[in-house]
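Student: Please take a close look at one part of this model, the contact between the two chains. I would like the cut-offs stated along with the values.

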There are 2 protein chains.
Amino acid sequence: VAASTAPEWAAEIIAVGSEMLTPIRYDTNSLFLTAHLNALGIEVVGKRIVGDDRERLADAITHALSAAQLVILTGGLGPTEDDVTRDAVCLALRITQHAHAGVLAAIEARFARLGRKMAPNNRRQAMVPEGAEIFENPNGTAPGLWIEKDGKVIVLLPGPPQEMRPMVEVSLLPRLRQILPPMFLATRRFRVARMPESELDALIAPVYTKYSNPATTVLAKAGDIEVQLRARASTREAAESLCDEVARPIEELLGNRIYSRNGDPLETAVGHLLRDRGETVAVAESCTGGLLGMRLTETPGSSAWFRGGYIVYHDDLKRQLIGEFHASPVSEEVAQRLAAAARERAGATWGVSITGWAGPDGEQPGLTWIGVAGADGVTAQRFQFFGERDRDRTLAAQTALDLLRLRLL
Amino acid sequence: VAASTAPEWAAEIIAVGSEMLTPIRYDTNSLFLTAHLNALGIEVVGKRIVGDDRERLADAITHALSAAQLVILTGGLGPTEDDVTRDAVCLALRITQHAHAGVLAAIEARFARLGRKMAPNNRRQAMVPEGAEIFENPNGTAPGLWIEKDGKVIVLLPGPPQEMRPMVEVSLLPRLRQILPPMFLATRRFRVARMPESELDALIAPVYTKYSNPATTVLAKAGDIEVQLRARASTREAAESLCDEVARPIEELLGNRIYSRNGDPLETAVGHLLRDRGETVAVAESCTGGLLGMRLTETPGSSAWFRGGYIVYHDDLKRQLIGEFHASPVSEEVAQRLAAAARERAGATWGVSITGWAGPDGEQPGLTWIGVAGADGVTAQRFQFFGERDRDRTLAAQTALDLLRLRLL
């Protein structure tokens, strides 16, 4: 399948707001924008954050326009003196702005609807640079603005994500499509548990590195990897076909290590397997302290498959559940007996147990036994994690879910 | 106390790497850098992200130098052709670079120590621009670089946080202190549970808005607020005194709603109260599915105060713990009986229960009863949360911890 992709447009994104120049806030709007721009074939070649400073912002806009056909600004459209984006754009483009009767009426109507009095400041938000098109903002007062000048496009969007995101989807993307060649995006998502990233990449890189379209991204966090494919083409069919060409061999290579093909997390995949079989699960957790139960109940509807369980942190509570034991609390025997007892006591189809030495203390930090009990018997496996408390607990819960999943397949 | 702060320097931070122009990665190095620069009295006036493109990056450096005395670049110091930061800096500053024997020897020694063969590419990392000072990198191959030109300072740091962060602390900050007036930072952190941000702010804003030094930041997430004060002065005593002037009235206003004065999370504060009294706790959780137990075991050493508990998700498991009940499973009676039974069955000083309708299904999404049982009796309180599953579960666990804390005071 040889479907050519359209030549890429270059975009710069400028997030406006002094709060994003502090140590605690960062710009997330640009990630959302980038995903949507990429889908249209627009490449983001630079991002910047500028404070609430008219001259610095005007300078940044001028500089960005020298490098990109499309410059998108988010934020700084509020009613206060601190909100300088409209002024800075007019300064950079050497254009004027005027109060816009329609925008002013919309702002006044919004305040009336909310039963609040409009402050005089809000009139600032009705200022519209000459020649600008207006994007309505059903979720706030400041409209978005689209300005074309000297073959470039400058877009102003409100900063609050709950205003910016709908405006992008409802107004910006359709407007961009009017001036861009047709472009369709097809995506695939595969999620895999418990494979080291390097091992997974060594397996599938020989497939995906042969292609730049679809673009492949491998995202890894503790015990969990997501492989994303994104193909672009001028028809939907061509884009889907490009994705399939890479997705099929990847699916073959990964086999049943893939737990999700739609982005669902592991607990949801396990829950759906249980639900489809009309089965239930109960847990007995020591070092994870409730994390496994918490994950199994993150998905709405989990009461259909999750019975509950036992947090057997202190050995006294282990004994209450399984009776006396002479082996180590972190042992095959105890893991098996905990899984079997959780299953039986809670009246579940399956019992899953986790017992380990959570770091940094304990006899052997990171050593963990995980048990799975079903009608066909009980098994337990030994894992040596890293001796890092948070990471080990995350890995233990993830591993327990995946061992149950494999038993359910 | 009138301690003047030194005039602020202006800095720009440039993060280099095409991966940070995708929809999935963002720059976090700049947050770390900003915190440390602010502490020295340096203001960050702009941040940008540039891809692995030599000309675009050189242009960004030139532009940043026009706006700031200090420009810090992170990333792009690796061994491959994609790593263009050194080249771009030389292009922007119109200086040359040369292989540096000392750096090359250090890189070779690192490979020898790791028992690996050095690839020819790594020789690129020994290139040093003329006049540059070298920051050693004990955690990687690329050294950091400090270049002074025309009264400006340009700093190049490696991108991986585990290399960048120690280099900032060990090399960059001491070097900056050499050229800056003396500056000391004093900080205070107060954490408060279960207060709406607007209510807390209405209470303390009349105090802190009178001061720009210390700067006050209020950080809110679900059911948890942190108030940070940061004062700068030319002596340590003056900085501490500035902090105290604002911290004392804030402490008085918030009283025992403050659960932590050192940044510790609520579960740790509760754990320390229990440990100091030689007491223990057990839990019975329904809608939170193990989240409360998970939080109580996040802190190392929790085995000293946490016994374990019961995940009574299905009503059958509630009955196993407390016997038959005819009230609603989400009721005062059931919450009280669950807390008392958890305490008694697990042999703990305290029992805490959570039972609620987790959204989006259930009779009354968000309705939650939380019980606390101790030697002096059992109480339960009713909460109507938002009917949003994740948020409600977080709030329920947070509230349960805070109710226990108040009983322990």
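Tutor: The contact draws on 61 residues of chain A and 58 residues of chain B, where contact means heavy atoms within 4.5 Å. This is a predicted model, in which local features need pLDDT of at least 70, side-chain atom pairs count only at pLDDT 80 or more, and totals for chains, interfaces and linings use all residues. Residues are numbered from 1 along each chain as its sequence is written, chains are lettered from A and ligands numbered from 1 in the order in which they are written, and side-chain values use heavy atoms, with hydrogens and water left out.

The size of an interface is often given as the accessible area lost when the parts come together. Here chain A and chain B bury about 4900 Å², with 56% of it on carbon and sulfur atoms; buried area is the accessible area (1.4 Å probe) that two parts lose on being put together, summed over both.

Between chain A and chain B there are 36 residue pairs in polar contact, both residues at pLDDT 80 or more. A polar contact is a pair of N or O atoms within 3.5 Å; within protein, one must be able to donate a hydrogen and the other to accept it, and residues adjacent in sequence count only if both atoms are side-chain atoms. By class, the side of chain A that touches chain B holds 26 nonpolar, 21 polar and 14 charged residues. In this scheme Ala, Val, Leu, Ile, Met, Phe, Trp, Tyr, Cys and Pro count as nonpolar, Asp, Glu, Lys and Arg as charged, and the others, Gly among them, as polar.

The salt bridges between chain A and chain B number 2, each being a side-chain nitrogen of Lys or Arg within 4 Å of a carboxyl oxygen of Asp or Glu. One of them joins B:Arg307 to A:Asp316, at 2.8 Å from N to O. Over all chains, the whole structure has 46 salt bridges.

Strand β2 (residues 42-50) of chain A pairs with strand β2 (residues 42-50) of chain B in the antiparallel sense, over 5 bridges. Strands (E, at least two residues) and helices (H or I, at least four) are DSSP runs numbered from the N terminus, and two strands pair if DSSP finds at least two bridges between them. Within this pairing, A:Arg48 has B:Arg48 as its bridge partner in β2(B).
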